[in-house]
Amino acid sequence: MNLTQNFTLEEMTASSTAKGKGIINIPDTQATESLKRLCEEILQPIRNKFGKPVKVTSGYRSDALNTAIGGSKTSQHLKGEAADIICNDNKALWNLIINMIQNQEIRVGQLIDEKNLRWIHISLPDSSHYNQILYLKP
């Protein structure tokens, strides 16, 4: 199922950990709507401006999957409101996203440089997170 031109529900729910451990990782209707909104409002505009593929390494996480990977109990991934992304040049992608936030082209909850840009976490804004830019050291 396509959520936007370049993002599918399948990639937003794919997980090698879930597959390997036999964990069902299927979002409910509300989480699916949040994933669609995440793709429409944040990921697709980034992909359009970047002009190159952006890969989702982690999107929606069921409770069982989140527990299996040691995720935060309050993670926005649990609600379909966050994704971890990578590309062939994470530094360029990071800089582009920062620019888009500063130019008010997108609004995010949190943008996190995960471990020296090994991946980038990005989420929808919510009541406690709005355009926060954070750095998680290795």
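# Charged pairs and a histidine

User: Is Glu-40 buried, partly exposed or exposed?

Analyst: Glu-40 has a relative accessibility of 41%. Buried means under 20% relative accessible area and exposed means over 50%, with partly exposed in between (1.4 Å probe, protein chains only). So Glu-40 counts as partly exposed.

User: Before we go on, what kind of model is this?

Analyst: Residues are numbered from 1 along each chain as its sequence is written, and side-chain values use heavy atoms, with hydrogens and water left out. Local features need pLDDT of at least 70, side-chain atom pairs count only at pLDDT 80 or more, and totals for chains, interfaces and linings use all residues, since the model is predicted.

User: Which residue forms a salt bridge with Glu-40?

Analyst: Side chains of opposite charge can pair when their charged atoms come close. A salt bridge here is a side-chain nitrogen of Lys or Arg within 4 Å of a carboxyl oxygen of Asp or Glu. With the closest N and O atoms 2.9 Å apart, the partner is Lys-36.

User: How far apart are the closest N and O atoms in the salt bridge of Arg-37 with Glu-41?

Analyst: Arg-37 and Glu-41 are also in helix H3, four residues apart. Arg-37 is partly exposed at 33%, and Glu-41 is partly exposed at 36%. Their closest N and O atoms are separated by 3.1 Å.

User: How many residues apart in sequence are the parts tied together by Lys-49 and Glu-105?

Analyst: These two form a salt bridge, with the closest N and O atoms at 2.8 Å. Lys-49 lies in helix H3 and Glu-105 in the loop between helix H5 (90-102) and strand S3 (110-114), so the pair ties together parts whose separation in sequence is 56 residues.

User: What's the salt-bridge count?

Analyst: The pairs above are among them, including Lys-49 with Glu-105. By this rule, the count is five.

User: Is His-77 buried or exposed?

Analyst: His-77 lies in the loop between helix H4 (63-69) and strand S2 (82-86). Its relative accessibility is 2%, so His-77 counts as buried.

User: Which side chain makes a polar contact with that of His-77?

Analyst: A polar contact is a pair of N or O atoms within 3.5 Å; within protein, one must be able to donate a hydrogen and the other to accept it, and residues adjacent in sequence count only if both atoms are side-chain atoms. At 3.4 Å, the partner is His-121.

Technical notes. Helix = DSSP H or I, 4+ residues; strand = E, 2+ residues; numbered from the N terminus.
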